[in-house]
Amino acid sequence: MDPPTSLDSLRKQACGRIGYKIGGVSIHGQVHKHGFCKVVYVQTALVDFYSKVGCVEIARKVFDEMLEKNVVSWNSILSGYVKSGNLAVVRSMFDEMPEKDVISWNSMVSGYGREGDMEQACALFRQMPERNVASWNAMISGYLDSGKVELAQSFFDAMPRRNNVSLITMISGYSRCGDVESAKDLFDQMGEKDLLLYNAMIACYAQNSRSKEALQLFNMMIQPNVNIQPDIMTFASVLSACSQLGDMTSGSWIESYMKQLGIQIDDHLATALIDLYAKCGNIDQAYKLFQLLQKKDLVSYSAMILGCGLNGRAKDAITLFEQMMEARISPNLITVTGILTAYNHFGLVEEGYKCFNLMQKHYELVLSTDHYGIMVDMLGRAGRLEEAYELIKSMPMQPHAGVWGALLLACSVHSNLKIGEIAAKHCFELEPDNNLDELFILMHFLDAGKFGSLEEFQEEFKDINQEEQISRLHKMLAPHLLRSISLKFTFFPFSTMVLYFSLTKFCSHL
């Protein structure tokens, strides 16, 4: 093979690896110009390039024009069809191959695994004349993607040899199903750990709300005795952990550390920073970063909308949501939380209701209990208690105490004892062992005359200490509520301390 031919082949392979479509097409033109179209290595590199950049039809055209094909040529076109998801064509080509190697078999196993057809994947795996680590990894990955963790574990245990991909695949699989302890056990078993293993474990912690552990492992990783330099993926995970904790101090230090290492802030990292700033209340800084994004996607829009919604910037949240809709970006559940919170803040009940229904009917999102809780709170604030109660009754899932708590809070504001008692009863049934800010119910009972007049109540309580006052309040409410009830609205939790603070504060004014 002439040196120019070899160089052209290498250039096309490089363009394929980095997804540089324009560069590869330009080189293809040079290949035609200089007469290298009939060289098998160059044609194979072209097939590989077009397959990797998603142009399978052009790859197939080049492949069909080849006078001579080797196993690498067949594997390249096979890989392209696997990525496109066209398994019928893949299987047909695989069966036609005059010669197959382990890469050919692995492509087929991976293809069936990606499509969730693990029965076919397993059948091919058992027929393989030889297997390598990638063969086993393909089976493990396929079972994990299908949610069959135990079968993935059995293949992992049976592997004659493992590599880091095997370990990272299992850790990621455990992470997806929330089994952090199994992921940690596997991570701890490894003697020498590299950056990719640390990234997988830190991401596992961050994705499963174990944020403190994610930051602790990150801190361990950068210590002199370990001295592994983090990369973009590491920083994205630890920034996510800081966001969950609302830890702006650690987040700012990590941002400075990235600059110190010369890490370039790409859109992925910028979005993680936007989420951090937004959740920590620095909406202006989040918005500056958002405006600098080269491409605004679902994740960045959702982070901004939620941040604005939760921080009282309802108008900004609504504007961003409208821009997102104009850009034809379909919302996700985080977006819905943010925009409903914004509508709630502004008291835009009709707009909120319209959005609530649109998300379910047009975008076919399965809304969570928390989304219903926001709608109940929105209706309750507007005094539409009957509608709020009917919405709860229509919920396709069991409402938690937060939803009933939102209704109870609204009943206390709008003095609706009838629905309030229903909400209180459900709160008790769902969380009987916690405490309710019983002051709300107490005031309604006083208004309704259940404990006599306010003057009589004050007379009874004025000469006893606060500890006895609280004890008597519990006894007075017990026949009506049976026991203490929990009120825990999603975004405004009420704790035992709030209960006692409220009761003692109320009693101190008697």
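Start by selecting phenylalanine 235, which is in contact (heavy atoms within 4.5 Å) with Phe218, Pro230, Ile254, Tyr257, Met258, Leu261, Ile263 and Leu269, leaving aside residues up to four places away in sequence. This is a predicted model, in which local features need pLDDT of at least 70 and side-chain atom pairs count only at pLDDT 80 or more, while totals for chains, interfaces and linings use all residues. Residues are numbered from 1 along each chain as its sequence is written, and side-chain values use heavy atoms, with hydrogens and water left out.

A nonpolar core is a set of buried Ala, Val, Leu, Ile, Met, Phe, Trp, Tyr and Cys residues joined through side-chain atoms within 4.5 Å, where buried means under 20% relative accessible area, exposed over 50%, and partly exposed in between (1.4 Å probe, protein chains only).

Now select helix α9 (residues 133-145) and helix α11 (residues 164-176), which pack at an angle of about 5° with their axes 10 Å apart. Helices (H or I, at least four residues) and strands (E, at least two) are DSSP runs numbered from the N terminus, and the axes are lines fitted to C-alpha atoms, for helices over the stretch in contact, with angles running from 0 to 180 degrees between N-to-C directions. The angle makes α9 roughly parallel to α11, a term for angles under 35 degrees. To see where they meet, show Val133, Asn137, Ile140, Ser141, Leu144 and Asp145 in α9 against Val165, Ser166, Thr169, Met170, Gly173 and Arg176 in α11.

Move on to asparagine 227, in the loop between α14 and α15 (232-245), where phi is near 55°, a positive value in a residue other than glycine. Asparagine 227 is exposed, with a relative accessible area of 59%. Then go to glutamate 364, in the loop between α22 (349-361) and α23 (369-381); its phi is near 55° and thus positive in a residue other than glycine, and glutamate 364 is exposed, with a relative accessible area of 64%.

Finally, colour the chain by pLDDT, the predictor's confidence in each residue, from 0 to 100. The mean for the protein chain is 82, and 77% of its residues reach 70 or more. Among the elements of the chain, helix α14 (residues 211-221) has the highest mean pLDDT (97) and strand β1 (residues 488-489) the lowest (31). Over residues 478-510 the pLDDT is below 50, and this stretch has 86 contacts in the model beyond near neighbours in sequence.

Terms used
Parallel < 35°, antiparallel > 145°, perpendicular 65-115°, else oblique.
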